[in-house]
Structure formats: C-alpha cells, structure tokens
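This report walks through one protein chain, feature by feature. Please keep the structure open while reading.

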Amino acid sequence: MKDYLCEDTIAAIGTPIGRGAIGIVRISGKDALPILKKAFRTKSGKKVEEFEDRKLRYGIFVDSSGEPVDEVLAVYMKAPKTFTGEDVVEIHSHGGIVVIRKILREVLRLGARLAEPGEFTMRAFLNGKIDLVQAEAINQLIEATTETSAKLALKQLEGDLSKKIKELRDRLLEIKAYIEAAVDFPEEDVEIVESGHVREKLENVLSEIEKLIESYREGKLIKEGIKVAIIGRPNVGKSSLLNAILEEERAIVTEIPGTTRDIIEETVTFKGLPLRLIDTAGIRESADTVERIGIERSLKSLKESDVVLFVIDGSVGFTEEDRKIEELLKEKGNVILVLNKSDLGLKVRCNRVKEFAGCVEVSAKRKKGIDELAGEISRLLLLDPDSVVSGGEVIITSERHRELLQKAAEAIKRAIDSLSSGFESPEFLSMDIDEALENLGKIVGFVTTEDMLDIIFSRFCIGK
Ligand SMILES: Nc1nc2c(ncn2[C@@H]2O[C@H](COP(=O)(O)OP(=O)(O)OP(=O)(O)O)[C@@H](O)[C@H]2O)c(=O)[nH]1
Ligand SMILES: [Mg+2]
C-alpha cells in the first residue's frame, strides 16, 4: 500500500468468502463504470450504455468471450457522494465462491487492480469523506464480537471522538493566538497572556485530555471484552457455570472429576457486559499428562485474565485443594469467590468471607444467582456498560489515540510549568502548544505520515 495516488481503479470481493445467498464485488475509481459497461448485458444480450446513478439494474455478467457468468444486480454510484468519494460500482451475484471469483477475475482483466486491505476506507479518508478516527471505527465495527463493543465503535463512526478532538484543538488554537500576540508585542507580553487567561484555559484543556486518557481502561475492556477465567478444583461446577452464563450446553458437564481438559473460550454479552469467558481444567495434582497440560493452560489464563471467578463447592466448604488454589490467587486483585451448589445447602456463606474482592452464592445447575455475578464484575471493574455506551462521555478505545493524547498532555504540562515558573519566553510556549496541536491532529488525521497510514489501514480486511 505504498502508492497513495488514487489514479487506478480498485476492486475486491466485499462479502465473506464462503457460501451465501449473494456475493458482492465492489469497484472504486474512474474506470468503475467503463468496466461495468463492458461486462454487463441485458437479459436479451444487449449492451447497456446508460446506468442511472444509484439504481440497481438486473442483467447478465459476461466473461471475455461473451459467455454468461451469472445473473446479477449491478449499481453505479457516481462520485463524489459515495463511500470512497470516487465512482463506485457494485455487482451483486449469487454467493457461490466460484461465481464471485470469476466476476472479480473478469473485473481485474478489464483494468481494475485488486484492492489492498483497507484501501477502500483509506480512499474515503484521503478524499475527505471520513477522518482517521472514523476509519479506525469501521475496522473496530467489523471486528466487534459483542454488542457493546459494536455500539461503541458506531459512536466513534458517528464522530463523537472526532468532534471532541476538534473542539480541543480549537481551544488550543485560541490560546495560541494570545501567545503569538505576546511574541509580537514583547513589552506587553505578560499582560496579554494574563488577559487571555492562558494558564486557566490550558489547565482546562489538560484536564479534559486526561479524562480521555483515563477512559482508555474502560474503552479497552469494552472493545476487547473482559477476560474472565473460571478457576477451581475439579468437579466444583466450573463448566456448569460457563453453561449457565452462556445459556447453552457449551461445555461437557459430568460427575467425573477432570472432565474439562482444555480451556474453552466463549464471547458473550452478559447483562450488557462484553465477556470473554474462559472455562478451565480443574486444578489438582495429577499424574495424567493430558490433564497436567490442561492445568498449565488454566494457570496461564489465570495470569492473563481481568477477573477470576474462583469456584468452590459451597455445599462442601473449603477443602485442602481449594486452599492451595487460593494461594495461587494471592497475586491477583480481581477475584470473585463463587460459592456454587447453593441448591444443596451452603456450608460457607458470603457474609463470612472477607478475603476476596467479591463473593456470590449461586447454583449453576438451577441457574440461580447468575445475574448477581454480572453486578459483581461491573462493580469490581468500576464499569457501567450502559452509561459507557449511551451516556454523553467520550471514550477512547485505541492505543494509538492514547499515546497521542499522552504526548499532547505532556506538551501542555510543559507549557503550564513554564507559565508558573515565571513567564520568560513566549516562543517556547508557542512551541509546546504546537506540539500538543500536532499530536491531537494526528488522531483525526489532520497531520499524517505515510507510515502511520500504512499501519492503520493494513489492519483492515481486503474489500473494506
Ligand atoms: N447440585 C448441584 N450440582 C451441580 C451444580 N453445578 C454443577 N453440579 C454438578 O457437579 C458436577 C461437576 O460439574 P462440572 O460443571 O463438570 O464441574 P467442573 O468444575 O467443570 O469439573 P472439571 O471439568 O472436572 O474440573 C456435575 O455432576 C454437575 O451436574 C449445582 O449448582 N448444584
Ligand atoms: Mg469442567
């Protein structure tokens, strides 16, 4: 994707590879319409000279020798009111992979080039149809595995974060105007800076940037899903708990200890929380090689998790084996004790347990107390997915954005420091503000470099 000139026409299959009712080949660029005209015939075999803008047309797609490939619906969308800002053609055929590949091959033969991953979206960005944050949000939306992360991506696509960044930049530009006036009139520089309340304004901008940076913790959890490891000795009901949360019989449950051998990971939206649930092999001393490997994997997912559900058989109480596992959990902060099998009568109760960050009494078998678990998880992570998604707060979800905001914050802090330590050189102040502006600009794409674009757009799938 080294060539950012949008001279050539690009094409790709826009639908997933596999069987489907329809498949779409998308073409963007100045040759999109001429290519369509060459390969499209009416049902009676006639060429079509005029395609009405934005109107689906039924016909036959033919190959180089005039042989029909498939019956299709084709649409021509005239620039600039299209996703990429260029002429766009879509050919909707039947979804079989053979047919759709044939159509793509023909389109390439007629002069289009196969699109690079993310190239359609990159053209949309380069042609000013969307900014960088929105381009990244498109990818996030495609990659979203839970409802909550999809909603968050959609908010960014609609421009929430972009608006916020632009507003912060405008405020910095206003501050910069005062500082430049101070540079121009050195005798009155102190008065000018004071009359503009420069320091106060900088502090306000800084505190809003810092709030955005803080929102990353929450944003990341929602975007990637909260990793929840279900840990405990064999037979306490870990897999039953997984099944109860998923509301399906996903994992095998038996009365034989050591049933689960390998980790099972499932993504689910549970009471609005995007969870990546990991059911693990029961931890115990074992001579069985397969089981031992499984237990090692349990310990690994324990380490990588955001939250641990430590399950014990509450009808039995803490056993020696449970205590050993508790030892392993010492280092972990977010451990919720799950007292399972409450239907059999509990020997330990949550109000007696103080060692864990949270505790719930459940019956995985009877599906009792399961909802309370969601409450405990969100309480522990200080996460309220409803307000995150529907509230007015802007949340960042990308490491790239976090880094750039951090750099902007540092530059503003420097400016504030130099103001408080006796204001000597407005030129330096101006440089700090410029640095902050540049970093904010990189978030939305006012300021770009080729490397940056390469990195961002190469993460996309082809056809997007
Ligand atoms: N009465 C009762 N039995 C339960 C409950 N939860 C699980 N069980 C039973 O306990 C046994 C073990 O359940 P599993 O879910 O397979 O336990 P596990 O912790 O995944 O076990 P391993 O995979 O061997 O580590 C099964 O016979 C379940 O039916 C519960 O809430 N109440
Ligand atoms: Mg199990």
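Glu291 is partly exposed, with 18 other C-beta atoms within 10 Å. The scale rests on C-beta atoms placed from the backbone: 20 or more others within 10 Å make a residue buried, 12 or fewer make it exposed, and anything in between is partly exposed. Glu291 sits in helix α10, residues 289–304. Helices are DSSP runs of H or I with at least four residues, strands are runs of E with at least two, and both are numbered from the N terminus.

Set aside the neighbours within four places in sequence, and Glu291 is in contact with Gly258, Arg261, Ala281 and Ser286. Contact means that the C-beta atoms, placed from the backbone, lie within 7 Å.

## Basis of the model

This is a predicted model; local features need pLDDT of at least 70, side-chain atom pairs count only at pLDDT 80 or more, and totals for chains, interfaces and linings use all residues. Residues are numbered from 1 along each chain as its sequence is written, while chains are lettered from A and ligands numbered from 1 in the order in which they are written.

## Two domains

The domain assignment gives domain 1 (10–130) and domain 2 (132–444). Such bounds come from an automatic or database domain assignment. The domain centres, taken over C-alpha atoms, are 41 Å apart.

How many residues of each domain are in contact with the other? Four residues of domain 1 are in contact with four of domain 2. On the domain 1 side, three are nonpolar, one is polar and none is charged. Here Ala, Val, Leu, Ile, Met, Phe, Trp, Tyr, Cys and Pro count as nonpolar; Asp, Glu, Lys and Arg count as charged; the others, Gly among them, count as polar.

## Helix pairs around α4

Two packed helices are described by the angle between their axes and the distance between the axes. Helix α3 (residues 119–126) packs on α4 at about 160°, with the axes 9 Å apart. Axes are lines fitted to C-alpha atoms, for helices over the stretch in contact, and angles run from 0 to 180 degrees between N-to-C directions. α3 is therefore roughly antiparallel to α4. The cut-offs: under 35 degrees is roughly parallel, over 145 roughly antiparallel, 65 to 115 roughly perpendicular, and the rest oblique. The crossing of α3 and α4 is right-handed. Handedness is right when the near helix is turned clockwise from the far one by less than a right angle, and left when anticlockwise. Thr121, Ala124 and Phe125 of α3 meet Leu132, Ala135 and Ile138 of α4. By class, this contact has five nonpolar residues, one polar and no charged.

Helix α4 (residues 132–143) also packs on helix α5 (residues 147–157), at about 160° with axes 8 Å apart. These two are therefore roughly antiparallel. Their crossing is left-handed. From α4 come Val133, Gln134, Ala137, Ile138, Gln140 and Leu141; from α5 come Ala150, Ala153, Leu154, Gln156 and Leu157. The contact of α4 with α5 holds eight nonpolar, three polar and no charged residues.

## α6 against α8

Helix α6 (residues 160–184) packs on helix α8 (residues 198–224) at about 160°, with axes 10 Å apart. That makes α6 roughly antiparallel to α8. The crossing is left-handed. Leu168, Arg171, Leu172, Ile175, Tyr178 and Ile179 in α6 meet Val198, Lys201, Leu202, Val205, Glu208 and Ile209 in α8. Nine of these residues are nonpolar, none is polar and three are charged.

## Loops and backbone exceptions

Most residues other than glycine have a negative phi, and most peptide bonds are trans. Glu247 is not a glycine, yet its phi is positive, about 60°. Glu247 lies in the loop between α9 (238–246) and β9 (264–270). Glu247 is exposed, with 11 other C-beta atoms within 10 Å. Lys341, also not a glycine, has a positive phi of about 65°. The loop between β12 (335–340) and β13 (358–361) holds Lys341. Is Lys341 buried or exposed? Lys341 is buried, with 23 other C-beta atoms within 10 Å.

Ala79 and Pro80 are joined by a cis peptide bond, with omega about 0°. Pro80 is in the loop between β5 (68–77) and β6 (88–94). Ser44 lies in the loop between β3 (40–41) and β4 (57–62). Ser44 is exposed, with 7 other C-beta atoms within 10 Å.

Technical notes:
Two residues are in contact if their C-beta atoms, placed from the backbone, lie within 7 Å.
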